[in-house]
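The following paragraphs guide a reader who is new to this structure. Please keep the sequence and the three-dimensional view at hand while reading.

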Amino acid sequence: MSVEQALVLRGVRYRYAGADRFALDGVDLVVRPGEVVGVTGPSDAGKSTLCLVAAGLAPGTIAGVLEGSVTVDGIETRDQRPHEHAQQAGVLFQNPATQLSGTSRYVWEEVAFGPRNLGLPLGDVVARVEAALAALHIGHFGERDPARLSGGQGQLVALASVLAVGPRYLVLDEPTSQLDPQGTRLVGDALAGIADTGQTGIVLVEHKTDLLAALCSRVLVLGGGRGVREGPAAEVLADAGLHDLGVEPPSAVRLRARLAAAGVSVPEQAFAEAAA
Amino acid sequence: MEWLSQQFGTRVIALMPVAIAVNIVLGYTVANVLKLPIYLDSIGTILVGVLAGPIAGALTGILSSLIWQVAIPGQSIGPFAPVAGVIGLLAGVWGYLGVYRRRPAEGGNLWLPVVIALGAIALLVLPIINNPAYNDPAFTVPWYSAAIIAVAVALGVGVVGMAYLRRDAAPAWVAVAGALTGVIAAICSAPIAAIVYGGVTGAGTDIIVAALRQGGADVFNAALGQGFFSDPIDKTITSFVVFIILAGMSRRLIARFPMGERAVGPEPA
Amino acid sequence: MIRGWTGPVSVFGAVLLTVVITGVGRRLVSFVVASLPLVISILLINTFIYPDATDALATVGPFTVTGTGLTVALQAALRVIAFALAIGVFVATTDLDDLLSDLERRGLGRRAEFVIGSAIRMVPRMVERAGEIVEAQRARGLDTEGRPWRRARGLVPLAGPMIGGALNDVEERTMALEARAFSAPARRTPIRRFPDSAAQRAARWGLGLLIVALTVATVGGWLNVP
């Protein structure tokens, strides 16, 4: 039997230890290499929990009860230890400052933190660090002090240190929520670059739907721990009911709605191009 | 062995540097910027001891002293590292015994433990206050006895007030644990102060050492007497700070630490 | 009981020699200045009030300068200054990152390295932030020179955010560490190697053995240090 090459969540329910309700209550999601799947929804819809489960941190590191199955290229995450899972699905959080190890003098060393933890031969460590820095076009950061980077730059270094561990899937939990517009653009471009290589599957959790519109092929909208909409990004994000689900539609969609209300009709094609 | 290794899981490893930094930064600021006559340099140590266990707590204390000595010039803290270790160790024991658990109670069930606790503290403190050297007419710091009484009363009012406001007997046990930690810390640090520094530490509390010596105490006993004055007060305040921090932390987060559930008790039904 | 001069003087001499050889004297001024309050306290208290000392040299008001007290005071002061200088030489000559990397290569665990390395980097940043908070408080009328209870009020706005913020980060730090394979069982790959000549190795072993030998000899009573 051939194993599906994908990060797959099937009927996933998750309840934190000490909580009485399920934060995730039946979610299905499939992400294949080269694909960017957006996840959005109001706060408390289970977005962050989805990240922890998909990244294999729950229930291993974050205690709780997991029902359903989470598999990466056919392997159940609950059978794996944290460092094994880290090599299959990497996770990036909101705050660059807390994600950097805070033990490195240079960006280069910071990115080497993960590969060194794996005990790889020095040559492999060097190759992985160079590759990760190159993939994000930040090779020139190598000798800078990680503590003296801007928010966007710090987030790129954090992303590079996750990439250097070698995951085929990336789970990003609102990676731009603490960044200014410039930092957001920096990270957005870097993600687009990774997706274009076709090697890595990305789950992008965001409330900034503009970013989702720009990057994602498919979008899942969460509400109350369940998927309430799923489909091609252009379709889901243009859904007139999006606002009622607690999600701010992308600016292009809002602009079009305003124009339509004012009696101006713009061909759909123009928006598809603007979004891409 | 598992008991030991689980005290050093990734979550505890992530907490320890933060705890060490809090110890040093708060201790430094309290002594050098706000110039208060207490230390407040063991909040992180006690927190780690309570949440992670006695060995992790002891290591946090020891590392705090050593890193402090190297990071900030001119501090006399390094040689006292073993004392910080003992404080962390004790915190682990108090956490294990459930001193920091909330104990909701009303009426007699609330006030009986409070009275017992205040009595225990009085038993602990009276012989210290009755140190004959304090009353020597040749050299009495005038504010001295007044200060002791004021602090004792303030702590007592604190315990009673907190117990009343929260309808909770826990502050009584927190105070006892804090005072006991202070007494033990004083006993451990006196020989170090006496042997390494000739009994003085360069802080404002040296005036107490001078007074005790003038009153007839020898080098060791003067250092001990100063410790008996400063440490129980400091550790009681620190214990309350930790109690308040734990009360403010989400139970879910606490339970993820190896001793968290044991320290604050199971989820209330 | 008075101990002899050999101990304090030889320790002080050895440290002073190291300072001269390493040529870091200038950078040690702050270490010596910072230990002055302690030194002054030691000198004053011991000289004027030393328990049970009867060899009076002079009397100033209610206080008596004793020979015993003066000796003890000077010896303790020498020890304290030697200690401050030794720490200063260590800090001025040793890059802590390099030391940790080297210790790791020699078998220090990744957990210990992480805790120490990360705490050392966190302290200056947090001292800076604490200073800013106190300054902001001062601008809003906090009295840092007034009575103790007034100054104590500055503690709450300082300690609250500092501890709260630091604890909030622990959860995310934990997960970020796991995502970087921190709990992998292998030995970490060393990336730095420091030159270590035969002479250095010999000096390290020699000094270590010397400490052991001196300790054994003095404790065992074979060597009497006057």
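**A guided reading of the model**

In this predicted model, chain C is divided into domain 1, covering residues 6-94, domain 2, covering residues 98-179, and domain 3, covering residues 200-226. These bounds come from an automatic or database domain assignment. Between domain 1 of chain C and domain 2 of chain C, the C-alpha centres are separated by 31 Å.

The segment before helix α1 (6-22) of chain C contains C:R3. Is this residue buried, partly exposed or exposed? With a relative accessible area of 42%, C:R3 counts as partly exposed, because that class lies between the 20% and 50% limits. Along the sequence, C:R3 and C:Q75 are 72 residues apart, while in space their C-alpha atoms are 8.6 Å apart. Leaving aside residues up to four places away in sequence, C:R3 touches C:Q75 and C:R79, together with B:I195 of chain B.

The second residue, C:E178, belongs to helix α8 of chain C, which runs over residues 155-179. Which side chain of opposite charge is nearest to C:E178? That side chain is C:R111, at a distance of 7.0 Å. A salt bridge requires a side-chain nitrogen of Lys or Arg within 4 Å of a carboxyl oxygen of Asp or Glu, and C:E178, although buried, has none. When residues up to four places away in sequence are not counted, C:E178 touches A:L57, A:T61, A:P82 and A:A86 of chain A, B:T10 of chain B, and C:S183 of chain C.

Attention may now turn to chain B. This chain has twelve helices and zero strands, so that its pattern, read along the sequence, is α-α-α-α-α-α-α-α-α-α-α-α. Of the 269 residues of chain B, 58% count as buried. Among the contacts in chain B between residues at least 6 apart in sequence, 75% join residues at least 24 apart.

One of these helices, α2 of chain B, comprises residues 10-33. How far does this helix reach from its first C-alpha to its last? Its 24 residues reach 34 Å, close to the 34 Å expected at 1.5 Å a residue. Helix α2 of chain B is mostly covered, with 20 of its 24 residues buried. After this helix comes B:K35, which has a positive phi, near 50°.

Definitions and conventions
Residues are numbered from 1 along each chain as its sequence is written. Chains are lettered from A and ligands numbered from 1 in the order in which they are written. This is a predicted model: local features need pLDDT of at least 70, side-chain atom pairs count only at pLDDT 80 or more; totals for chains, interfaces and linings use all residues. Side-chain values use heavy atoms; hydrogens and water are left out. Helices (H or I, at least four residues) and strands (E, at least two) are DSSP runs, numbered from the N terminus. Buried means under 20% relative accessible area, exposed over 50%, partly exposed in between (1.4 Å probe, protein chains only). Lys and Arg count as positive and Asp and Glu as negative; His and the chain ends are not counted. Contact means heavy atoms within 4.5 Å. The expected span of a helix is 1.5 Å times one less than its number of residues.
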